[in-house]
Amino acid sequence: MQLKRIVFFILASAFALLWLIPLIWLIVTTFTEPSYYMSIIPKTPFSLQNIIYILSAAPFGRYYANTIMIVAGIFCVQCITVTLAAFALSVMNFRFEKLVFFLIFVQIIIPNDVLIMPNYSTISSLGLIDTKLAIMIPFYCSAFGILLLRQSFKTIPIALSDASKIDGCNLMQTIWKVYVPCAKPAYVSFGLVSISYHWNNYLWPVIVTNSVNNRPLTVGLAIFAKSKEAVMQWSNVCAATFIIIFPLLTAFLFFQKQFINSFVSSGIK
Amino acid sequence: MFMKRSTRNMLAALIVMIASAGMIWAGGDQENSGTAKSSNGEDDVIVLQMFYPVQVGGPLTKLIEKLASDFHSVNPTIVVEPIYTGNYDDTVVKIQTAIQGNTPPDLFLSLATQRFSLVSSDSIIPLDDLIAMDGGDEYINDFLPGFMEDSFVDGKIWSIPFQRSTQIIYYNKDAFKEAGLDPETPPKNWDELVAYSQKLVKKDAAGNVIRWGVGLAQQSGSAQWQFGGFCLENSKNGENLMSDDGKKVFFNTPENIEALQFQIDLQQKYEVMPKGIVQWTDLPGAFIEGKYGIIYHTTGNLANISKNATFDFGTGFMPGNKRYGAPTGGGNFYITKGISRERQEAAWKFIRFATSPERLAQWNIDTGYVAPRASSFETSIMKNYYGELPQAEVAKEQLKYAKPELTTYDSARIWRIFNDNYQAAIIGDLTAKEALDKAQAEASQVLKRFQ
Amino acid sequence: MAVFSVYSFPKKDQLVKNRALTSQQTKKRKQSWKRDGIACLLLAPSLIFLTMFTLIPIVKSFYLSLMDLQLGMKKPVFIGLDNYTYLFSDPLFWKVMGNTVLFSLLTVIPSMVLGLALALLLNMRHKLTGLFRVSFFSPVVMPMIAVASIWMFIYMPDAGLLDQLLKSFGLPGQIFLQRSDTVLPALSVVYNWKEAGFLMIFFLSGLQNISTEMYEAARIDGARKFTIFWKLTFPLLMPTTIFVSTIALTDSFKLVDHIAMMTEGMPNNSSTTLLYFIYQNGFTYFNQGIASTLTVILLIIMLIAASLQFFTADSRIHYN
């Protein structure tokens with residue numbers, strides 16, 4: 001029985017290591033001198049020249065700034081719209097609730113990503129092509145966030161909000177002081193999902209942006225990788241990939257438990 | 001009221017803040033800032049936006065930026081802002097997107113083959129009156145006919161050649177010696193190509209190929225380019241893949257089917273080329289590593305290869321069949337429609353600056369692209385260059401056999417149709433005849449509305 | 001199951017009903033108008049963006065699908081159902097549809113199975129759980145573009161990692177991305193590598209929701225591990241499974257970054273799926289009519305998939 005267990009875990013660990021191979025290879029290639037044959041075990045000496053090269057070859061610093069602005073901007077606005085809407089749907093009973101619910105639901109079934117064609121023409125008629133706002137604005141309403149937060153708000157006892165009303169709070173203050181703090185875990189979950197989704201989004205940004213000032217990291221990487229800039233491109237592209245995934249990956253490595261728990265608990269709560 | 005006034009104000013303030021933050025981000029990011037105060041605070045400086053692609057190895061981004069800053073030091077009232085938009089394919093899409101989205105660049109570098117599409121979508125201006133104002137016939141006639149040919153639509157000039165290329169072969173002289181071939185004579189025709197390549201194939205003890213005879217790029221965007229050359233080499237009277245007016249294609253002539261079959265044979269029958277779809281981007285690196293004895297590639301990679309090759313290498317014409325033939329490629333300058341006359345003239349100034357004989361010669365040297373003007377070849381820098389790097393002259397010599405690559409209306413679509421069917425034949429899903437017949441039918445269908 | 005009930009509709013009795021009015025009821029009526037007003041105001045921001053970027057575009061797609069609008073045309077021209085007949089008679093369209101279905105099959109099922117297996121593994125709370133967590137969840141935090149570029153080099157013929165590995169075992173090299181029969185499976189491996197970890201999280205959440213008392217009872221009864229899984233865990237996981245399958249299916253339709261990076265649809269459109277085809281028609285050929293028609297078709301497919309999920313859900317969910 002013990003033996004079976006040990007064998008099982010050895011196999012599982014081997015599988016886990018196998019799963020990590022692409023990532024390991026990425027790091028190896030980033031930090032060694034370029035060679036024609038790509039291999040896991042480094043055959044060429046350690047070198048930082050790949051990273052140094054790409055920092056000057058493409059404006060990744062600018063791409064970083066753009067991405068952070070976009071992701072943060074989206075999340076901030078989403079927090080506001082989502083909180084208000086979730087409150088209305090969870091606590092207030094009003095006439096067209098079912099209809100609104102249905103409309104919001106449409107976005108769950110049909111995410112904005114498949115509507116690239118019509119959304120592009122909307123953005124272009126608003127004159128917003130090639131702006132960061134163009135990347136952000138279609139996502140300001142998040143059906144997922146609304147439903148998640150609604151779930152969370154529903155668990156907050158009415159007694160609390162009644163108490164705050166007695167204390168003289170109006171609607172906004174009630175929301176801000178009672179509901180938002182209690183739903184913190186839901187906000188964290190939503191934030192993680194929203195941030196990682198928009199950090200990694202490619203198709204929509206590549207359609208609506210043209211210039212370096214508005215390009216996020218994913219588009220920058222794709223353009224860089226598809227260009228014919230260097231003789232043995234892969235070490236450079238690997239270096240570029242590395243600096244792009246580095247922050248989220250590091251954040252994940254240090255906050256593993258929190259990351260996963262918040263995803264998990266977004267279900268439980 | 002249902003809210004206290006203070007809360008309402010707070011909410012209103014919040015909304016205004018978000019909206020203005022959004023506006024600032026949106027407004028401040030749009031590149032069409034137009035004018036800006038120059039550094040010495042005098043007259044307004046015109047800022048022109050220019051999209052440009054990079055399709056070859058080498059530090060082209062830095063070269064373009066140097067060109068722009070050199071121009072500014074001679075013309076302090078005009079700033080050209082180069083914006084890198086990927087490879088040729090990406091740039092074509094970016095330009096169209098920008099034009100559709102009403103945020104077009106003022107000028108751009110794009111494939112010469114895009115002119116029909118750009119004209120039919122009303123995106124560019126004809127340059128005849130700018131030419132008449134500054135440059136005239138003397139300027140235009142100095143451009144080599146092989147390159148100037150594909151600037152015309154309906155008798156008007158719509159673009160100016162800048163970084164033009166043609167396809168040549170690079171071959172590994174050391175490998176030639178090793179295989180018992182004369183390192184100073186590259187293959188001149190298809191038969192020699194096969195014979196030499198077969199000698200160049202080298203296998204290791206286990207029977208795996210460690211050096212292939214020849215490499216030919218076959219992916220979308222590259223296949224139609226090299227195939228244009230093969231078509232010209234084999235066609236009855238030197239016909240190209242399309243008609244000059246861009247309205248008809250001639251994919252499935254018996255000669256073209258023969259040419260396609262020849263390429264398939266290189267992989268399947270003679271086994272001098274790896275199977276599958278050989279990639280444009282892999283070839284230079286692999287060639288430098290000694291993985292190929294001969295490769296077909298753009299002359300634009302000459303600087304890159306000569307800098308990085310550790311062996312003696314040579315260049316040659318694309319091996320001919322009935323005759324020599326090669327496609328031209330590369331990018332021209334276009335000026336966008338819809339910008340003010342003042343900006344058009346500023347853009348024209350830059351174009352004249354960039355296409356002076358000396359600058360084109362320097363560009364030739366720095367990149368390997370062929371200077372499109374005859375007088376560039378008379379400059380001393382060019383003469384010195386040929387002295388140091390004789391391989392560079394091949395591209396220029398081949399120009400007399402060069403014709404434009406596949407250029408039609410609705411270019412992107414026609415290229416895709418050709419490339420898809422070409423690939424189907426290469427990987428064996430269709431025969432050469434089936435593939436080209438299908439390509440012809442599909443392309444004719446698309447071109448119907450332009451007849 | 002809490003996560004799934006996020007998607008349940010409000011009950012009927014929560015809605016306000018119309019009846020004959022007393023003065024007290026009139027006062028309540030006035031209050032309910034006020035409440036409706038407040039609710040509208042709260043919902044307004046979300047609804048505005050929802051309408052602009054989800055609802056109107058859906059209608060717009062239907063509208064433009066009846067038009068001919070290509071590169072160079074200033075105004076759309078009404079052509080009725082011509083776009084549809086053109087597509088339905090085009091073998092390329094059917095090829096793309098086939099690819100889409102095949103790709104969904106190759107990704108939804110394996111990634112769900114893997115996700116469940118990995119979740120079970122992680123649930124065991126062994127010393128190695130940390131390694132497993134890092135290993136399987138890392139791909140999730142990486143953008144698909146980055147994942148695709150890594151795998152593009154792994155698959156590169158001759159020089160790539162996979163070929164190096166094959167050669168060290170004396171096997172011949174491969175050209176998976178260049179053959180029409182292997183390109184979709186090769187792409188699905190990349191996709192599953194990224195997606196399995198993501199689905200694993202949801203399964204983990206579901207697993208942790210099952211009370212341990214049930215397991216204790218089963219173990220006391222002497223049930224074998226496999227029986228426990230099949231008769232206890234799996235049925236209780238059904239709501240999660242259905243939820244996960246929704247996500248997996250939707251994602252397989254809407255994520256095409258790897259195609260854009262690795263193959264661009266080649267060889268010969270064997271790796272083009274429906275959303276990528278929409279992107280090509282809309283942004284490479286600039287044919288808005290056809291792109292809108294394809295969008296409509298994709299919308300219908302997603303609607304059908306969603307309704308299927310709900311019908312299965314209704315019949316399959318059971319609680320403690």
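**Chain C.** Begin with chain C, in which buried residues make up 46% of the 320 residues. The model is a predicted one, and the values below should be read with that in mind. Shown as a cartoon, chain C presents 14 helices and 2 strands. Its contacts with a separation of 6 or more are accounted for to 68% by residues 24 or more positions apart.

Now select residues 37–59, 101–122, 134–156, 189–207, 228–249 and 290–311 of chain C; the unreviewed UniProt entry annotates these as "transmembrane region". Two of these spans may be examined in turn. Residues 37–59 of chain C are 100% helix and 0% strand, with 27 Å between the end C-alpha atoms. Residues 189–207 of chain C are likewise 100% helix and 0% strand, and their end C-alpha atoms are 26 Å apart.

**From chain C to chain A.** Next, display chain A together with chain C and select the residues in contact. How many residues does each chain bring to the contact? Chain A contributes 79 residues and chain C contributes 79 residues. On the side of chain A, helix H1 (residues 2–30) provides the largest share, with 10 residues. Colouring that side of chain A by residue class gives 59 nonpolar, 15 polar and 5 charged residues.

According to the unreviewed UniProt entry, the "transmembrane region" annotation covers residues 7–28, 63–87, 99–121, 133–149 and 234–255 of chain A. Select residues 99–121 of chain A: this span is 74% helix and 0% strand, and 27 Å lie between its end C-alpha atoms. Then select residues 234–255 of chain A, which are 95% helix and 0% strand, with the end C-alpha atoms 30 Å apart.

To view chain A by domain, colour residues 24–57 and 228–256 as domain 1 and residues 61–216 as domain 2. The centres of these two domains of chain A, taken over C-alpha atoms, are separated by 35 Å.

The mean pLDDT of chain A is 84, and 94% of its residues reach 70 or more. Which elements of chain A have the lowest and the highest mean pLDDT? The lowest, 64, belongs to helix H14 (residues 256–268) of chain A, and the highest, 92, to helix H6 (residues 132–136) of chain A.

**Chain B: overview.** Turn to chain B, which has 451 residues, 53% of them counted as buried. Its secondary structure comprises 19 helices and 13 strands. Of the contacts in chain B between residues at least 6 apart in sequence, 73% join residues at least 24 apart.

Keep the confidence colouring. Chain B has an average pLDDT of 85, and 89% of the residues score at least 70. Select residues 1–8 of chain B, where pLDDT stays under 50 and the model has 11 contacts beyond four places in sequence. Residues 22–42 of chain B are also below 50 in pLDDT, and this stretch has 34 contacts beyond near neighbours in sequence. Where pLDDT is low, the predicted coordinates should not be read in detail.

**Chain B: two domains.** Colour residues 35–165 and 330–400 of chain B as domain 1, and residues 166–325 and 404–450 as domain 2. Their centres, taken over C-alpha atoms, lie 28 Å apart. At the contact between them, 27 residues of domain 1 of chain B meet 26 residues of domain 2 of chain B. On the domain 1 side, helices H3 (88–100), H4 (115–120), H15 (357–367) and H17 (393–398) of chain B each supply at least two residues. By class, that side of domain 1 of chain B has 12 nonpolar, 11 polar and 4 charged residues.

Select strand E3 (residues 78–84) of chain B, in which 5 of the 7 residues are buried. Show B:Met50 and its bridge partner in E3(B), B:Pro82.

Finally, select helix H9 (residues 190–200) of chain B, where B:Leu193, B:Val194, B:Tyr196, B:Ser197 and B:Leu200 are buried. Which elements do the buried residues of H9(B) pack against? Display helix H8 (173–178), strand E9 (209–215) and strand E10 (292–298) of chain B, against which the buried residues of H9(B) pack.

Notes:
Residues numbered from 1 in each chain as written. Chains lettered and ligands numbered in written order. Predicted model: local features only at pLDDT ≥ 70, side-chain atom pairs only at ≥ 80, totals over all residues. Contact = placed C-beta atoms within 7 Å. Helix = DSSP H or I, 4+ residues; strand = E, 2+ residues; numbered from the N terminus. Nonpolar A, V, L, I, M, F, W, Y, C, P; charged D, E, K, R; others polar. UniProt positions renumbered as here; feature names shortened; annotations may be inferred. Domains from an automatic or database assignment. Buried ≥ 20, exposed ≤ 12 C-beta atoms within 10 Å, placed from the backbone. Pairing = 2+ DSSP bridges. pLDDT = per-residue confidence, 0-100.
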